[in-house]
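Reader: I would like to learn how to read a structure of this kind. Please take me through it one feature at a time.

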Protein chains: 2
Amino acid sequence: MANDLPLNKETILDAAEQVLRRYGPDKTSVVDVAKVLQVSHGTLYRHFASKASLREAVTERWLQRSIADPLETIASQTEGSSAERLHLWLETLITSKRTYAADDSEMFAMYASVTLDAVEMITTHIGRLIHQIAQIIENGIKSKEFKSGQPEILAKAIFFATSRFHHPAHAYEWIAKKTDEEFDSVWNLILSGLATSKS
Amino acid sequence: MANDLPLNKETILDAAEQVLRRYGPDKTSVVDVAKVLQVSHGTLYRHFASKASLREAVTERWLQRSIADPLETIASQTEGSSAERLHLWLETLITSKRTYAADDSEMFAMYASVTLDAVEMITTHIGRLIHQIAQIIENGIKSKEFKSGQPEILAKAIFFATSRFHHPAHAYEWIAKKTDEEFDSVWNLILSGLATSKS
């Protein structure tokens with residue numbers, strides 16, 4: 001990469017992601033990224049004070065692009081059934097996590113490890129996802145498809161009740177067929193708690 | 001320990017647990033346990049072929065005594081409200097895990113690590129717990145406190161919907177006050193899915 005490119009955050013994150021993917025999080029240092037960008041490591045340290053903050057920033061961008069943004073597209077729709085939209089939203093979250101764990105294992109491993117340390121960044125990410133669920137529930141309550149309740153609290157409950165299917169610490173347990181069945185049973189329980197009685 | 005004691009499984013497990021607690025799982029070998037029991041390591045290898053199988057057996061006994069047996073006492077009761085019993089059962093499971101993570105950290109760490117490998121033993125343990133939940137639900141359905149449904153499937157759903165609060169991979173997230181609030185919201189969602197409508 002030529003050093004006449006503007007050294008903005010995105011440029012640094014692009015280079016960092018490339019180096020992290022190539023050498024792995026344990027072997028990548030701020031100095032390696034500086035080399036790829038052809039800048040002094042002093043210049044780079046002004047943007048990222050440590051290896052840990054570099055990893056955190058790369059993971060944060062990855063979570064936003066790969067998980068939060070596609071889900072936002074689902075959550076912001078208002079046409080059709082809210083139950084179906086909530087199911088699609090959860091299924092998309094779960095399938096994405098499972099796909100990345102298998103097909104983008106370097107980034108997924110880094111994300112799983114960053115999750116243990118970068119509490120604030122992960123809490124913000126989870127807050128965004130819970131807010132998306134709350135949007136869907138709010139619509140469902142308005143249309144009388146769901147019982148009345150507090151969307152943000154219900155959304156939090158749904159997010160935590162499905163942790164087994166999307167939290168990276170469970171990745172080793174995600175065996176496709178078994179996990180699908182288990183999610184179906186949890187989904188039915190959730191829906192039974194949300195939906196207005198049809199009897 | 002004198003070598004005139006009968007070398008049954010319990011005696012070996014007592015010695016193994018003692019050694020594992022003292023030196024930690026990584027530093028404990030079958031030979032160390034043989035020394036405490038004053039038997040040849042050949043004798044011990046006839047009972048436990050590897051370090052891994054020794055750890056697994058000690059963890060299995062610990063899970064049964066510390067988790068499954070006390071919960072069985074709750075699940076087998078039939079008097080009073082099924083919802084209250086289910087809540088007490090879940091709360092007891094969650095509180096035990098949290099207490100052991102803090103106060104019996106050597107055994108808890110070993111259990112967390114064995115969980116990743118001893119799939120069959122853990123599946124059996126979880127099967128027992130799910131069966132206990134199913135007993136409570138069956139009673140609740142009989143007394144019309146819960147909607148009709150398949151107790152074993154509902155029990156599995158409830159067990160997995162509360163993973164965030166009892167699966168050892170989440171132990172690092174168990175900050176008492178926050179976890180209590182999160183569990184309350186999940187519990188309300190579960191109960192809302194189970195209970196017959198009062199309206």
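Author: Start with the secondary structure: chain A has 10 helices and zero strands. Helices (H or I, at least four residues) and strands (E, at least two) are DSSP runs, numbered from the N terminus. This is a predicted model, in which local features need pLDDT of at least 70, side-chain atom pairs count only at pLDDT 80 or more, and totals for chains, interfaces and linings use all residues. Residues are numbered from 1 along each chain as its sequence is written, chains are lettered from A and ligands numbered from 1 in the order in which they are written, and side-chain values use heavy atoms, with hydrogens and water left out.

Reader: What does the C-alpha trace of chain A span along its principal axes?

Author: The span is about 70 × 35 × 25 Å.

Reader: How do I read the packing of two helices, say α1(A) and α2(A)?

Author: Axes are lines fitted to C-alpha atoms, for helices over the stretch in contact, and angles run from 0 to 180 degrees between N-to-C directions. Here α1 (residues 9-23) and α2 (residues 30-37) of chain A have axes that come within 9 Å and cross at roughly 115°. Contact means heavy atoms within 4.5 Å. On α1(A) the contact residues are Thr11(A), Ile12(A), Ala15(A), Ala16(A), Gln18(A) and Val19(A), and they meet Asp32(A), Val33(A), Val36(A) and Leu37(A) of α2(A).

Reader: Where does Asp32(B) sit, and which residues does it touch?

Author: Asp32(B) belongs to helix α2 (residues 30-37) of chain B. Leaving aside neighbours within four places in sequence, Asp32(B) contacts Val19(B) and Lys27(B). A polar contact is a pair of N or O atoms within 3.5 Å; within protein, one must be able to donate a hydrogen and the other to accept it, and residues adjacent in sequence count only if both atoms are side-chain atoms. The side chain of Asp32(B) reaches the backbone nitrogen of Ser29(B) at 2.9 Å.

Reader: How much area is buried between chain B and chain A?

Author: Buried area is the accessible area (1.4 Å probe) that two parts lose on being put together, summed over both. For chain B and chain A this is about 2100 Å², with 70% from carbon and sulfur atoms. In chain B, Phe160(B), Tyr172(B) and Leu189(B) lose the most area to chain A, together 29% of what that side buries. The contact takes 25 residues from each of chain B and chain A.
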